[in-house]
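Please read each point with the sequence and the 3D view side by side.

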Amino acid sequence: MPPLVFPSPSLSTKLLPPLHHSTIPSATHSRRPHLSGDPPRTVVITSGKGGVGKTTATANLSASLARLGFRVTSIDADAGLRNLDLLLGLENRVHFTASDVFSGECRLDQALIRDRRFNNLHLLCLSKPRSKLPLSFGSKTITYLVDALKTLEPDNPVQFVLIDCPAGVDAGFVTAIAPADEAILVTTPDITALRDADRVAGLLECDGIKDIKIVVNRVRADLVRGEDMMSPLDVQEMLGLPLLGVIPEDAEVIRSTNRGSPLVLNDPPAPAGIAFEQAAWRLVEGDTMTAVALEEADRQPKKGFGWFSFFGR
């Protein structure tokens, strides 16, 4: 395996001028959250079941963290079906990948794609869509890659490494979770996604990842009230894990995906975008939210956005 070559000072991203988007205040907060834990923090975003919103969560959490001022590198660990570059609007700028780094065709800094909206957000893809990773690319290799990312710029190190895990629990899953210290388990409130999420939670714990939080995606308040959909409290009780965020069903998710712009950057903010920003805030501070029972939610006076006071506090 060829050694990773670090960037020369002339190519360092810290010499690039800051972009005005990185100073835009958060839609729901006026101060910067306090970073919990020792950076850099490596977080894998997984689910087991496909189509529940892992990549959407990764893109929006990455953009939220970058807008809050943290240095973030997002890794699309789905070698065969990558999509994170599309959601971030960077698909036309992916010229080199991690596979090229290990084959000696480029340096690590050349494979990192800097987001034009935030100079503190970078994307790294494992491979190109129609290419295959070498058989030697496994858990030790991606751990080595993440360790190299953490030391890439000693004077201005990355603070968050977010890994977008592929669906399933095969070799791609095992590879993606290897370098992670904590995990975000994305699920939807249906029995198929929950069974897969429960299985993945067990595998994560067996791999030594104890800090696992859940994000319940695509929740519809009307169906919960009509008892046609499980509530976030039901999901939390079934999985027995702390709740990081509850994301409502929102048509703006599809629109933002097609535009290649994370939902959290919408102006005015969409309900799902606000929920992702709140989840990012909790992630930074190591906090969780409290889901409430339906009867308790109905008794509480609504403050701010009614949807959020309905599902948790």
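1. By the rule that a salt bridge is a side-chain nitrogen of Lys or Arg within 4 Å of a carboxyl oxygen of Asp or Glu, the count comes to 10 salt bridges. The model is predicted, so local features need pLDDT of at least 70 and side-chain atom pairs count only at pLDDT 80 or more, while totals for chains, interfaces and linings use all residues. Residues are numbered from 1 along each chain as its sequence is written, and side-chain values use heavy atoms, with hydrogens and water left out.

2. One of these salt bridges joins the side chains of Arg 67 and Glu 277, with 2.0 Å from N to O. Arg 67 lies in helix α1 (residues 54-67) and Glu 277 in helix α11 (residues 271-285), so the pair ties together parts that are 210 residues apart in sequence. Helices (H or I, at least four residues) and strands (E, at least two) are DSSP runs, numbered from the N terminus. Both Arg 67 and Glu 277 are buried, where buried means under 20% relative accessible area, exposed over 50%, and partly exposed in between (1.4 Å probe, protein chains only).

3. Asp 109 also forms a salt bridge, with Arg 107, and the closest N and O atoms are 3.0 Å apart. Asp 109 is buried, at a relative accessible area of 15%, whereas Arg 107 counts as partly exposed at 22%.

4. In the salt bridge between Asp 222 and Arg 220, the closest N and O atoms are 2.8 Å apart. Asp 222 is partly exposed, with a relative accessible area of 45%, and Arg 220 is partly exposed as well, at 35%.

5. Turning to the sheet, eight strands form an open sheet in the order β3-β4-β2-β5-β1-β6-β7-β8, with mixed pairing; two strands pair if DSSP finds at least two bridges between them. The edge strands, each pairing on one side only, are β3 (113-114) and β8 (243-248). Strands β2 (residues 72-76) and β4 (residues 121-125) run parallel and are joined by five bridges, and Val 72 has Leu 121 in β4 as its bridge partner.

6. Helix α5 (residues 139-150) lies across β1 (41-46), β2, β4 and β5 (160-164), and runs at about 160 degrees to β2. Helix α9 (residues 232-239) packs on the sheet, touching β6 (182-187), β7 (211-219) and β8, and its direction makes about 145 degrees with that of β7. Contact here means heavy atoms within 4.5 Å, and axes are lines fitted to C-alpha atoms, for helices over the stretch in contact, with angles running from 0 to 180 degrees between N-to-C directions.
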